[in-house]
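Please read the following report alongside the sequence and the coordinates.

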Amino acid sequence: MSLIFKKIVASYHKNLPFVCFNKPNTTKLKAYFGDDASLRYSDSFKEEGFVFAPFHNENPSIVFLKETSEVMEELYIKNSIDTSDSEFKEYESAKNSHIALVLAGIDAIKSNSFKKVVLSRKELVTLTSFDLLQVFENLLQKYDHAFVYVWFHPKVGLWMGATPERLVTLKNKEFHTTALASTQNYEGNSNPIWGNKEIKEHQFVIDYIVSQIKDQQNGIILKNFSISDTHTIKAGSLLHLKADIKGEIEEFELKNLLNTLHPTPAVCGLPRASAKSFILSNENYDRTFYTGFLGEININSETELFVNLRCVEIDGAHANIYVGGGITQDSVPEKEWLETCHKTNTIKSVL
């Protein structure tokens with residue numbers, strides 16, 4: 001067993017906070033281990049360390065400070081394992097509730113309340129057994145192109161995930177974010193045909209990010225920014241549309257930048273304020289850290305943050321799996337329900 005894995009087991013048994021993660025397309029594990037159970041929050045985002053932020057940005061973000069943590073890094077060699085997607089059961093009550101929510105979202109769009117809204121649900125799964133390291137390794141080995149993590153604080157809980165979506169990377173003066181939206185099941189073709197609904201949904205995300213970049217009142221001033229061609233990416237057994245947006249950023253306050261970008265249209269909707277208000281009033285549960293963001297801030301003058309998708313919260317003998325999808329006026333409620341089922345399967349396959 002690696003030194004980091006031994007430390008994870010020891011910290012978990014001692015009820016001490018930690019986070020361990022693997023960045024996309026790398027073979028390096030990095031971890032922060034706290035030596036006490038204090039909860040530390042970040043308001044300014046000027047600290048050096050690892051931040052775990054909620055969806056609702058009026059709520060505080062938790063930070064593991066570099067100066068109060070033991071930081072470890074080591075190489076990780078991925079092995080091929082079989083984590084075939086599990087067969088999902090359709091629970092009529094959950095299905096009916098989600099379809100009703102989607103219908104309400106479509107009605108609000110047709111009445112011009114907003115153009116798009118991202119609606120989600122939480123699925124409770126009973127665990128017959130749970131091996132923290134085995135599930136983390138399953139995530140690491142299944143998701144090469146995602147930010148894979150396990151995060152624990154005794155006063156908050158245990159979260160794990162493999163997110164394909166980058167919120168922002170800042171290195172020296174380089175700015176990089178992604179527009180990620182739309183989903184379909186991977187069925188052997190990595191470059192499938194996308195429907196008008198999915199193409200339009202993704203374009204909404206691109207247009208929003210570009211509008212924020214061009215609005216200098218938001219505190220983002222980019223020079224020479226570019227947008228890549230839209231392309232398909234694979235995350236586990238799912239496919240998404242993605243475009244990269246890059247440029248050179250001038251002086252900025254990280255807090256203002258994050259408030260401008262988060263929550264993105266890919267997890268909230270457009271316009272953001274009205275879509276977010278609808279979510280908070282109609283989803284009938286608290287997303288907490290699902291569709292928030294996480295990652296390192298101000299480490300060697302670099303910040304790299306990811307949106308918290310494809311995640312699960314472990315609560316004793318139960319797992320809370322969080323899933324959602326983007327709703328436009330072209331959405332078909334039954335298909336939106338099935339999309340959330342496919343997303344829960346990607347997590348169930350590693351539990």
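How many bridges join E7 to strand E19 (residues 318-327)? Ten bridges join them, and the two strands run antiparallel. Helices (H or I, at least four residues) and strands (E, at least two) are DSSP runs, numbered from the N terminus, and two strands pair if DSSP finds at least two bridges between them.

This is a predicted model, in which local features need pLDDT of at least 70 and side-chain atom pairs count only at pLDDT 80 or more, while totals for chains, interfaces and linings use all residues. Residues are numbered from 1 along each chain as its sequence is written, and side-chain values use heavy atoms, with hydrogens and water left out.

**The sheet**

E7 belongs to an open sheet of nine strands with antiparallel pairing, in the order E6-E2-E1-E8-E9-E18-E19-E7-E15. Strand E6 (69-75) and E15 are the edge strands, each of which pairs on one side only.

| Strand pair | Bridges | Bridge partners |
|---|---|---|
| E7 and E19 | ten | Ser120 and Gly324 |
| E7 and E15 | two | Val117 and Gly269 |
| E2 and E6 | seven | Ala31 and Met72 |

Helix H2 (residues 92-110) packs on the sheet, where it touches E7 and E19, and its direction makes about 170° with that of E7; axes are lines fitted to C-alpha atoms, for helices over the stretch in contact, and angles run from 0 to 180 degrees between N-to-C directions. Helix H6 (residues 272-282) also packs on the sheet, touching E7 and E15, with its direction at about 30° to that of E7. Strand E7 (residues 116-126) is mostly covered, since eight of its eleven residues are buried (under 20% relative accessible area, with exposed over 50% and partly exposed in between, for a 1.4 Å probe and protein chains only).

**Two helices in contact**

The axes of helix H1 (residues 3-13) and helix H3 (residues 132-142) come within 10 Å and cross at roughly 135°.

**Glu248**

Glu248 is found in strand E14 (residues 238-249) and counts as partly exposed because its relative accessibility is 37%. Glu248 and Lys223 lie 25 residues apart in sequence and 5.1 Å apart in space, C-alpha to C-alpha.

How values were computed: Contact means heavy atoms within 4.5 Å.
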